[in-house]
Structure formats: C-alpha cells, structure tokens
Amino acid sequence: MNKDEYKKLVEEYTPKEKKLKNAFLAFLVGGAIGFFGQVIVTILETSFGVETKDAYIWLCIFIILIASLLTSFGFFDNWVSKCKAGLILPTTGFAHSVTSAALDYRKDGLITGLGSNFFKLAGSVLLYGIISGFFFGVLGVIFYG
Amino acid sequence: MASKKLTNIYIKDAFSLAGPVEKEGAIKDYDIVIDDYYYHTKTFEQAEIKMQQVVIDGILQRHNLLHSDIDLLISGDLSNQISVSSYAASRYNIPFLGVYSACASFVESLLVASEIMEGKRKSNMLCVTSSHNLSAEKQFRFPIEYGAPKPNTTTFTATGAVCVLLTKEESKIKVDSYTVGTVVDLGCTDASHMGAVMAPAAAKVLIDHLLELNRKIDDYDLILTGDLGCIGAKIFREYVNRAYGLKIKNHLDAGCELYLKSQEETYAGASGPVSLPLYLFNKVLKQKRPKKILLIGTGSLHNPFFMNQKLTIPAIAHAVSLEVKS
C-alpha cells in the first residue's frame, strides 16, 4: 500500500470534527467576552466618570488579571477544551498563553526557566503584532498624514 | 532475520503504579495508585523518577532481592535523553541500560533483556517503563494549563510505571519469542493522530513475526497492541486486511481498553509506553485466558523539532510473544 492509499484509509476511519459546531461555540463565547468587556467599559464611563480611552485600558488590565488568575487556579484549560477557540482569541488568550507557559517552567529557574519560556507561545503574537503595527503605522502616515 | 525463539526465559512478577485518571479507568487493582501528579515532589519530572524508583523498590522488596541479585536494569520513558530512567537508576547499584523507542520502549526492554539472558544459566533482570501525562504534555505539546483544543484522534498519555522481573527460573509466564521491528513512515504528519502513524509499523512487525517464525495468526489467542487508541486500532486491522490480506479477530489495543468510554478527557484512549504493561499485567494476565499472547509495542518516533520542520513521522513496533500456563 502506498502513501496515498494509506492516507485515504486513514481519512475513511478518522471521525470528522464538528467544525461548524465548534466555530459557532467559539463565536458565542468570544462574543460573550466582548459583550462583558463592553458592559465594564460602560460602567466605568457612566458610574466612575472614566474617559473612554482610559476605560479600555482599565478593561484590558482587568481581563488580563482575570484570565491569568483563572489559568493559575487551573480552570482555564478545561474551559478552553469545551469552549474551543472563543476563549483563546481575545486578550484572555494572550494572558492565558503567557501564564500557562510560566506555570510550566516555574521550577526550572527564574532566568533559564520562567524568563526564557514566558513568551514561548505569545512570542509570535508580539513579534508579528509589532511588525504589522509598524507597517500599518507607515501606511497611515503615507495615506492620512 | 530479526526474530528469535527463546528457550527458557520467564516473567516472574510485575509491580505497577498508576496515576489519578488510570485508577478511575477500566482496571481497579493496581499495586499502587497515586492521586497527586507531583507525587510529593517539586516537579512532574521528579515525580516520574520517584514513580520508577517506587516500582523497582516494590519488586525488590516483594521478592527479598538485593541489588547484587539483579544482573541488569533496562529502563525507558518519554523524557528528553530518557533522563527520567537514568536519574531513577542512579540510586541503584545495578548495571543499567536505557532504551528508547517511544511507546514501544517496554517491549524493546523485554526483548533486549531476553536476548542478553538467553545464554545465561541463572539470571535476574528488571525492565522498567514509565510515562507521566503532564511531563509528556510539557515535552511534546503545549504548556499544560494552556489546554489547547484537541481533535478526537488525540490520545492521552497514561501516567504510571511498571517494573517487570525476568528470570531463568520457571514461572507461569514464559517469554517465548521476539521480533525486532522496522521503522516505517507512511507519510503521516499529524502528531495528534498517532494511531494512524503507528498502525503500519505494528502491521509490519506482525507480518514479519508470523513469516520468520512460521506461525499463523490463529496460533495466538490474543494480539495485544500497545497504544494505537480506539481509532488507530480500527485502522490497524483494516490496514492488515487490505495490505496483507489477513483478517485479525483476536486483537485488543491496551490504549483503547485502559480507560472507560465515559472518561472524555482521554479522547481516543491511552498512549505512552506504560499503557501496554499496565493493561497486560493488571487485566490480561489476571484472566484465565488467553494462553498465547503476542505483544506489539508501538512507538511514534516524533520530536517537536522535526514536527516544526514539517517532516513526516516515522514509527516503530516491536513484538514479543508470551505463553501463559494455568
């Protein structure tokens, strides 16, 4: 049996992932987090008189704190496996990725373990986020002055 | 030819330790069960070292054996440079060999020990295997608490350790023959579908074993594969049927049988070198039948570096046959 024939055999016996269901679930969970964020921003603006720009910064800090705490208490990984990508994509996912890596390497030394592995997953987000930020900034200057 | 009929090598006893998920699974009477993945140590890796030492001590104490009574200790695990085995062995004054063929390491250790023992008149040897779900996750996949969504084909690395005492004294379980496997790569690239990666290697060693020792599949009461998982086991049987025209009726996969279907977190079943000996010694050999068993340990030889370099995954399987007297 050659590789192509084997690939067909494997596909035949591999159960299909419920992609539509997972995507819908991720849409609902991600959307719910966005809704929750908006509620917090509105509360900060109306009840505490915080400016909109600052309210979003406070929200970001708040979400990162909550997600990191939930990761370190061991809840987040179970929820991710149920809620799929909806929990990973927003800011919660970024916080979760650094906290989970930090937890893995906390006993391997502050520099050689935790420090060097902290951005193991999030490093790509940072690098390409900064690079694309730079290019869009340049484009912004060119087209909008 | 990589097969050999052995004359008088016996498995005298085995000592098993199982982890928190395994004790909730299909088998309830392991020698020791642990509830804590740290096992009173600081890290998962150190816990696995302790697990190996506990099973070695367990079997030495049960049979009143001194270090000097053991000629050789052969161990294998999934950690980098099989360092768990080496660190565990550092406590014993016993000659040591480390073996690695991923989840086929248990069968590899059995066949290496058997081959070395074959020419001796009197000998005791220990074969040790362990795996730890969380140290393996850290080694091969994402950080543990990350909990990345997994496909249904994923297998769950079993936590446990098993120490087997091989002797030349006659006992109920005879190590009858072995076949060393060949590395097979049929182009799979998905490390979360290891059953598909390993099935062709398992089939190859099965066919080699039957041809080289001139046996038929019906000579065995049970063909027990290591950790193909429930999906991989189906692929294995179908592959053997289509590629070699052989129908297997007497097949079980330890990985598929170790957990209950209700344990959803285990997906397609158990993986890890320890799943085969855990199931073999705590379930199969405690039953009256089967009498003739062919063990096929299956290992996916992938490595995170080569996965990132998009190479296809090679796999290996080794076979050892056992004869059980009632």
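In which sense, parallel or antiparallel, do strand β3 (residues 72-76) of chain B and β5(B) pair, and over how many bridges? The two strands pair in the parallel sense, over five bridges. This briefing concerns a predicted model, in which 27 residues of chain A are in contact with 27 residues of chain B.

- The side of chain A that touches chain B draws two or more residues from each of α1 (3-13), α4 (76-83) and α5 (91-104) of chain A.
- By class, the residues on this side of chain A comprise 12 nonpolar, eight polar and seven charged.
- Helix α1(A) packs against helix α7 (residues 229-244) of chain B at an angle of about 140°, and their axes are 10 Å apart.
- That angle makes α1(A) oblique to α7(B), since only angles over 145 degrees count as roughly antiparallel.
- The crossing in which α1(A) passes α7(B) is right-handed.
- On the chain A side of this helix pair, the contact is made by A:L9, A:V10 and A:Y13 of α1(A).
- Their counterparts in α7(B) are B:I231, B:K234, B:I235, B:E238, B:Y239 and B:R242.
- The contact of α1(A) with α7(B) includes six nonpolar and three charged residues, and no polar ones.

**Helix packing within chain A**

- Helix α3 (residues 52-72) of chain A and α5(A) have axes that come within 8 Å and cross at roughly 40°.
- The two helices are therefore oblique to each other.
- α3(A) passes α5(A) in a right-handed crossing.
- From α3(A), the residues that make the contact are A:C60, A:I63, A:I64, A:A67, A:S68, A:T71 and A:S72.
- From α5(A), they are A:T91, A:T92, A:A95, A:H96, A:T99, A:S100 and A:L103.
- An α-helix has 3.6 residues a turn, so residues three or four places apart point the same way.
- The contact of α3(A) with α5(A) holds six nonpolar and eight polar residues, with no charged residue.

- A:L70 belongs to helix α3 of chain A.
- A:L70 counts as buried because 20 other C-beta atoms lie within 10 Å, and the cut-off for burial is 20 or more.
- Leaving aside residues up to four places away in sequence, A:L70 touches A:F75 and A:F76.
- A:L70 and A:T112 are 42 residues apart in sequence, and their C-alpha atoms are 25 Å apart in space.

- The bridge partner of B:T129 in β7(B) is B:V162.
- In helix α5 (residues 133-140) of chain B, the residues B:N133, B:L134, B:S135, B:A136 and B:E137 are buried.
- The cover over the buried residues of α5(B) includes β5 (124-131), together with α2 (44-62) and β6 (156-157) of chain B.

**Strand β12(B) and its partners**

- Strand β12 (residues 292-300) of chain B is mostly covered, with eight of its nine residues buried.
- Strand β9 (residues 222-225) of chain B pairs with β12(B) in the parallel sense over four bridges.
- B:L222 stands opposite B:I293 in β12(B).
- With strand β13 (residues 315-324) of chain B, β12(B) pairs in the antiparallel sense over nine bridges.
- Opposite B:T298 stands B:A317 in β13(B).

- B:I316 is located in strand β13 of chain B.
- Because B:I316 has 26 C-beta neighbours inside 10 Å, this residue counts as buried.
- Not counting residues up to four places away in sequence, B:I316 touches B:S101, B:A104, B:G181, B:V183, B:A201, B:G299 and B:L301.
- B:I316 and B:V162 are 154 residues apart in sequence and 21 Å apart in space, C-alpha to C-alpha.

How values were computed
Residues numbered from 1 in each chain as written. Chains lettered and ligands numbered in written order. Predicted model: local features only at pLDDT ≥ 70, side-chain atom pairs only at ≥ 80, totals over all residues. Contact = placed C-beta atoms within 7 Å. Nonpolar A, V, L, I, M, F, W, Y, C, P; charged D, E, K, R; others polar. Buried ≥ 20, exposed ≤ 12 C-beta atoms within 10 Å, placed from the backbone. Pairing = 2+ DSSP bridges. Axes fitted to C-alpha atoms, helices over the stretch in contact; angles between N-to-C directions. Parallel < 35°, antiparallel > 145°, perpendicular 65-115°, else oblique. Left-handed = near helix turned anticlockwise from the far one by under 90°.
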